[in-house]
Amino acid sequence: MLLRKNIFFNYLGTGILVLAPVVALPWYLSALGPKLYGLVSFAVMLQALMGLLDTGMSQALVREIAVRFDKTTAGRDSAASLLLGCERAYWLFALCVGCVTALLAHTIAVHWLKLDGLPVAIGQEAVYGAAAIFAAQFPGSIYRSLLVGVQAQIVLNGIMSLAVLLRHAGGVVVVMIWPTLTVYLVWHASVTLIETLIRRQFAWRVLQVKRSQIKGAMAELRSVGIYAFSMAGAALLGALTVQMDRIVLSKMASIAQFGYYSIAASVALGALQIIYPLTQAIMPRAIQLRTDPVVLRRLNVKLMGLIGLIVNLGAIIFITSGKLILQLWLRNASIVGEVYPILSILLLGTVLNAFYNVGYMYWLVYQKSHRILQVNALALVISIVLIPLLVSRFGSIGAATGWLAINLIGFLFSLEWIKRVSNGRAD
């Protein structure tokens, strides 16, 4: 029953998280214009790149918290000690990385961005904004991991839904009144900080443990260090790989063209979010089944079937009505003409990435971080070589084709769970 509730509320929360920025985008684009919106897209990408430093760590923490937390006093104390150790490290790290990024703002604006006549100071503002949003958002991932690990996902979805509605509904209002990049960035950084602090409050409330009673926080942190850091390294490579299309394009294309590509990428990644409520809800259950490979295989097969159903429904909608939906959404035929062919290719990569999640979850359950590292390292090397060549020859379409290629690699390697689990082995 709890699993079904978590899946339902994960989908409800994810729907709000995906739709709010999608609905707000035409207003942002209208108020700011293509160039400033391109800088917004760059700030979002830069903040996301810094956030990659947490990708594997947060996944590892979900597992470790799920293993520790059993609603006994000892289980709560162990989870609380781990949370406190991570909390201190994350806040310090967020501030340090944010400050270093801000110091590099002029260099990035001058030597990386193609500003198309915009002042360098505007480019610097985008970097400052990305640094501020990162510093406010990064620690929030610890509290998210805690709430997922203890299966308090209804609370988490409520917090995230309210925050995203405030961020984008309020964001539209402020940029319509004051259509500047600075106002947009300040608003988003402020709401992000508020969300992180609320997550923190609820995470500690769920544990029902006072900080003054916690001992051995650093010992708990060290106990998961090897696995957590190996996961962090492996996931970092993977997350960097799937961002490589935008990284390369931000250097090689105009800021306006990068903005158009980012619109298509936001839709493709938004579509991928439809899968995450399933994997997020199923992950704690899969961890509990790690000693029973046969039952775990059945769970994976069900997950694969559900993903297949979602993919087929999405494909039918896009094929029959995709261009019409884009026209109604963006209300600009020329922008739709730029976005539609890019989006068509990106969505194929999204489909492969969705199915990849089944094998990826299997690797997480059995702590196979070395497999994730191998696959992601191979994909990263290929993307570094392939994507610049494709972009130089085909522009934005080349970047999208590169995204498709690296997702194909990950998908093919992820299928190993079928053989290994069906043989009754967990290695």
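How many cavities of 30 Å³ or more does a search of the whole structure find? Two. I'll come back to those, but hello everyone, and a word on the model before we go on.

This is a predicted model, where local features need pLDDT of at least 70 and side-chain atom pairs count only at pLDDT 80 or more, while totals for chains, interfaces and linings use all residues. Residues are numbered from 1 along each chain as its sequence is written, and side-chain values use heavy atoms, with hydrogens and water left out.

Let's start with the overall fold. The chain has 17 helices and zero strands; these are DSSP runs numbered from the N terminus, H or I of at least four residues for helices and E of at least two for strands. Of its 427 residues, 54% count as buried, meaning under 20% relative accessible area with a 1.4 Å probe and protein chains only, where exposed is over 50% and partly exposed is in between. Contact here means heavy atoms within 4.5 Å. Among contacts between residues at least 6 apart in sequence, 85% join residues at least 24 apart.

Now the core. The largest nonpolar core has 121 residues; such a core is a set of buried Ala, Val, Leu, Ile, Met, Phe, Trp, Tyr and Cys residues joined through side-chain atoms within 4.5 Å. Helix α14, residues 333–365, gives the most to this core, with 19 residues. Leu346 is one of the residues with the most contacts inside the core. Beyond four places in sequence, Leu346 touches Asp245, Tyr261, Ala264, Ala265, Ala268, Ala400 and Trp403.

On a 1 Å grid over the protein atoms alone, a cavity is a set of points where a 1.4 Å probe fits but cannot get out, and a pocket is an open set with protein on both sides within 12 Å along at least five of seven lines; lining residues have an atom within 4 Å of a point. Points are joined across faces, edges and corners, and a volume is the space filled by probe spheres set on them.

The second largest cavity has a volume of about 40 Å³. Leu346 turns up again in its lining, along with Val242, Asp245, Arg246, Ala265, Ala268, Leu269 and Trp403. Helices α10 (225–252) and α11 each give two or more residues to that lining. By class there are six nonpolar, no polar and two charged residues. For the classes, Ala, Val, Leu, Ile, Met, Phe, Trp, Tyr, Cys and Pro are nonpolar, Asp, Glu, Lys and Arg are charged, and the others, Gly among them, are polar.

Then the largest pocket, at about 970 Å³. Of the 31 residues lining this pocket, Val267, Ala271, Ile274, Gly314 and Leu347 are the closest to its centre. Helix α13 gives the most to the lining, with eleven residues. The lining has 23 nonpolar, eight polar and no charged residues.

Histidine 188 sits in helix α8, residues 181–207. Its side chain makes a polar contact of 3.4 Å with the side chain of tyrosine 28, that is, a pair of N or O atoms within 3.5 Å, where within protein one must be able to donate a hydrogen and the other to accept it, and residues adjacent in sequence count only if both atoms are side-chain atoms. Thanks, everyone!
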